[in-house]
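Here's a quick briefing to read with the structure open beside you.

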Amino acid sequence: MSTQHKSSSARLFTILAFVFLIGAVVIFQISSSNSIGAKESLKKAEIKDDDVYEYLEMFGKAFEITKARYVDEVTNKKLIEGAIDGMLSKLDPHSSFLNKEDFNDMTEQTSGEFGGLGIEVTMDNGLVKVISPIDDTPAFKAGIEPNDLITHIDDAQVQGLSLQEAVKKMKGKVGTKVKLKIFRDGKEPFDLTLTRAIIKVDAVKSKLKADDTVVYLRLSTFNENTYNELAKTIKKLDNEKVVGYILDLRNNTGGLLDQAVKVSDAFLQEGEIVSIMSRQENGNRVFFASEGDLIDNKPLVVIINGASASASEIVAGALQDHRRAVLIGTKSYGKGSVQTLIPMGDTALKITTARYYTPSGRSIQAEGITPDIEVNRAKLEEFKENRIFAEETLTNALKNDTKDKTKTDDKKSEREKTEEERDANDYQLLRAIDMVKGLAVYENKNFTKPKIKVDNKKENTKTKTK
């Protein structure tokens, strides 16, 4: 057989293989369920058959040339997986091909426990951009902040790597170290050395604030445990003394759609939560709230910032549109798309399949959600008023006979003091607490007004002036 004939046969085989591959993917997508439980049903591609074969032939040529002439020997697996990933990554920043390792990592993350540095990242002009560190992880403790750019990993440049390749370099055996070079706006580039650890994500953290009258709920992610943890926390902390709630979604980059719907439903009695619009047949869906509000319609303030994305924006948008909560903070990230994870054996496609809209029909894609009250981060400086001329400083001043004489034990552990100090300097949180207390006063929830004695025997008199 001639070399030319062999080449033609190889080209034909490659084209047929990819036609088969595309057909197999389509069939699998039709039969697979997506991340929100709906069956995928793809429309027939509106493309001429001649164009399909022409481009497949072009790919076959590129495949053969690369296989034969690349400086190092490469496997078919590496070339094909790279081609699929390249196809998806050209569509949008959130679509990608997941090989076996990536697929396992994705499954671990949605289950709430995985290994690494605890950092949510994306690509920005060839560099790794931090969306947010995860609470209480190596990245969080090292002081990594949203919008930081990672330019080097272990002294090797990030530019030229795919997002998956960069993430793999940051992962490794638990207990080992990795060096990151960070570029932060307004500062000289600096190095941070982090120790890899098992990252267990506690989806919900809580505290009682303002003399135990305000419940603070911090949601760090939307994994499969988020709603259950939230419901248990509310049940545990809610009592007659509590006048309102704060839901902190800052730096929460999202997660599972069904959890975003359930968290929204936790605070809503009725109405639409979110609508999903897709090109797929029967792909459009609308989610509604069920009866029952876990906090009995008490005042709710939601805090968002530029790293609140996706599922966080679904919750914030639903509560804002229904006027169920007051949103404070800064404009959110602006990710208004839904990704579907489609398994293909031990690999998977993560592909953008729909856009979502808030109850009022807003798309927040590339726009974000604007808070009702904008509150930027700020550094607080305490100013103590001079009380030289206060009543209590006067000679022989009467003592207050109603002052509570009981003493409280102010001794706290160093960890608690550090946490208190951090909260005391969290300007957005302080404003949220003020807002909850203000709403509670306005709605007269569990606030008792001072009793005023009225002598009904006395008549009101008016003083006339001449």
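Among contacts between residues at least 6 apart in sequence, 68% join residues at least 24 apart. Keep in mind that this is a predicted model. The chain has 466 residues, and 38% of them count as buried. In secondary structure terms, you get eleven helices and 19 strands. The accessible surface comes to about 29400 Å², with 51% of it belonging to carbon and sulfur atoms.

**Nonpolar cores**

- In soluble globular proteins, nonpolar side chains tend to be buried together.
- Here, the largest nonpolar core has 42 residues, and the ones touching the most other members are L230, L247, F267, L300, V302 and L319.
- Strands β11 (214–219), β12 (244–248), β13 (272–278), β15 (300–304) and β18 (347–357) each supply at least two residues of this core, and so do helices α7 (226–237), α8 (257–265) and α9 (311–321).
- Helix α9 gives the most to this core, with six residues.
- L247 is a handy place to start looking: leaving aside neighbours within four places in sequence, L247 is in contact with L217, L219, F267, L300, V301, V302, I303, V315 and L319.
- Apart from this core lies another one, of 17 residues, including I144, V158, M170 and L180.

**Cavities**

- Rolling a probe the size of a water molecule over the atoms shows where empty space is left.
- The count comes to two cavities of 30 Å³ or more.
- The second largest cavity has a volume of about 50 Å³.
- Its lining is made up of E120, S132, P133, I134, D135, R218, S220, T221, N251 and T253.
- By residue type, the lining of the second largest cavity splits into two nonpolar, five polar and three charged.

**Two residues with positive phi**

- D211 is a residue other than glycine, yet its phi is positive, near 55°.
- You'll find D211 in the loop between β10 (204–209) and β11.
- S310 isn't a glycine either, and its phi is also positive, at about 55°.
- S310 sits in the loop between β15 and α9.
- Which of these is buried or exposed? D211 has 65% relative accessibility, so it counts as exposed, the cut-off being over 50%. S310 has a relative accessible area of 11%, so it is buried, the cut-off there being under 20%.

**Contacts across the sequence**

- K168 belongs to helix α6 (residues 163–170).
- K168 and D102 are 66 residues apart along the chain, with their C-alpha atoms separated by 8.9 Å.
- What does K168 touch once neighbours within four places in sequence are left aside? The partners are N99, E101 and D102.
- I119 is part of strand β3 (residues 119–124).
- With a relative accessible area of 16%, I119 is under the 20% cut-off and therefore buried.
- Between I119 and P138 there are 8.6 Å in space, C-alpha to C-alpha, and the two are 19 residues apart in sequence.
- Not counting residues up to four places away in sequence, I119 touches V130, S132, P133, I134, A139, I144 and I150.
- Among those partners of I119, S132, P133 and I134 also turn up in the lining of the second largest cavity, and I144 is one of the members of the 17-residue core.

Key. Residues numbered from 1 in each chain as written. Predicted model: local features only at pLDDT ≥ 70, side-chain atom pairs only at ≥ 80, totals over all residues. Heavy atoms only, no water. Helix = DSSP H or I, 4+ residues; strand = E, 2+ residues; numbered from the N terminus. Buried < 20%, exposed > 50% of the residue type's maximum accessible area, 1.4 Å probe, protein only. Contact = heavy atoms within 4.5 Å. Areas by Shrake-Rupley, 256 points an atom, 1.4 Å probe, with all protein chains shown as cover. 1 Å grid on protein atoms, 1.4 Å probe; cavity = no way out; pocket = protein on both sides within 12 Å on 5 of 7 lines; lining within 4 Å. Points joined across faces, edges and corners; volume = space filled by probe spheres on them. Nonpolar A, V, L, I, M, F, W, Y, C, P; charged D, E, K, R; others polar. Core = buried A, V, L, I, M, F, W, Y, C linked by side-chain atoms within 4.5 Å.
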